[in-house]
Amino acid sequence: MKVYADNAATTRMRACALGAYVDTAEKFYGNPSSLYTVGQEARSLLEACRAEIAALLGAQPKEIYFTSGGSESDNQAILSAAHLGKIKGKTKIVSTAIEHHAVLHTLNKLKREGFEVVLLPVGTDGIVRLSDLEKELDGNTCLVSVMFANNEIGTLQPVEEIGKLCREKKIFFHTDAVQAVGHTAVDVREIGCDYLALSAHKFGGPKGVGALYVRQGAPLYPLIEGGAQERGKRAGTEDLPAIKAMTAAMKEAVETVPETEKKIKILRDKLIAGLEKIPHSALNGDREKRLAGNVNFCFEGIEGESLLLLLDDMGISASSGSACTSGSLDPSHVLLAIGRVHDVAHGSLRLTLSAENTEEEINYILEKVPEVVTYLRNMSPVWRDLQEGKRQYIL
Ligand SMILES: *Cc1c(COP(=O)(O)O)cnc(C)c1O
């Protein structure tokens, strides 16, 4: 059996997106900046996509900018707010310890340029505390950046409350909603954010395309200089087939959020209940305030990487930590932030579901994971020490 359970890393393209991609590439090959009809037809389609994406987010079309994906959107939002902050003499940025590297590494760069960056801790539930945030907001703060939903443990952050706080204090608020759009209800008016990043390949669209919502009046500076595309904020001929495919995928994903959430929550909870039966295991992140398709566990006495490879041999695609961290031996910064010690954080497994997963697949995962965990533990010197009492169990 083949089971794809790594939908937080990327998703299979939806049929509607693939169809839209091919159709647009074939029929709308004109350059949207060209003045003749073939170009203007492409321009009309581009603007129709912008209007549709805006409507799906509760935004105005002129507040949507097309980018190459989540990373670029995050970079541009943060660097823009920081740039204006610097001009106004405000050089403090408040974010969290569990952000995606697209945010954390951008903040590191600003730190080297003299910004004060505060990364708020999260509780063992993987959620940031509003009181911690409120304490950090002062007259020197130019930006708050808190993700909507975490990519590793799926925890949902209190973005609406954060938006309210930021509006009261007149501080710009960016939210990385890459894991949220198309997976749960997202409306920029309800969040009250100034910037929101999204990426097509996380909801059944193509890779290499995304969008940035920028509230009218919030600063935006280009990362890429060149032509006047995207109102001079993002140069380069637009990838219209990808933008059209993203739009089709987003429409389908957003419109089916209630059904999808209902369906995969049942599968998620079955998976959690089954994996919890494995001794010395623990769910990572809050049980309720998490994405409908996210399951993340730590198993004591094993290496997550070995677990992944053995599951792969059985046809199961899963993840340990995030895809960006694999290849390095550092444990996930998110698992460390929720208080898992290094050894335990190393034995993690993330399974992320989509509407395509079936109950049969969940049963298969629940048959294979305990087998593989037992197999690995039987070979592990750490596990032997735990069993012989030479080490204390943590989980
Ligand atoms: C995947 C992801 C990104 C990066 O998006 P790309 O389109 O792959 O650049 C950023 N933030 C989060 C939370 C993500 O899950």
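**View 1. Helix 9 and helix 13 are roughly parallel to each other, because their angle falls in the class under 35 degrees.** This is a predicted model, in which local features need pLDDT of at least 70, side-chain atom pairs count only at pLDDT 80 or more, and totals for chains, interfaces and linings use all residues. Residues are numbered from 1 along each chain as its sequence is written, and side-chain values use heavy atoms, leaving out hydrogens and water. Helix 9 covers residues 257-275 and helix 13 covers residues 359-379; they pack at an angle of about 15°, with axes 10 Å apart. Helices here are DSSP runs (H or I, at least four residues), numbered from the N terminus. Axes are lines fitted to C-alpha atoms over the stretch in contact, and angles run from 0 to 180 degrees between N-to-C directions.

**View 2. Here are the residues where helix 9 meets helix 13.** From helix 9 come Leu 267, Lys 270, Leu 271, Gly 274 and Leu 275, and they meet Glu 359, Ile 362, Asn 363, Ile 365, Leu 366 and Val 369 of helix 13. Contact means heavy atoms within 4.5 Å.

**View 3. The protein chain is divided into domain 1 (3-10 + 257-387) and domain 2 (15-255).** These bounds come from an automatic or database domain assignment. Their centres, taken over C-alpha atoms, are separated by 28 Å. Domain 1 brings 25 residues to the contact and domain 2 brings 31 residues.

How values were computed: Helices (H or I, at least four residues) and strands (E, at least two) are DSSP runs, numbered from the N terminus. Angles under 35 degrees count as roughly parallel, over 145 as roughly antiparallel, 65 to 115 as roughly perpendicular and the rest as oblique.
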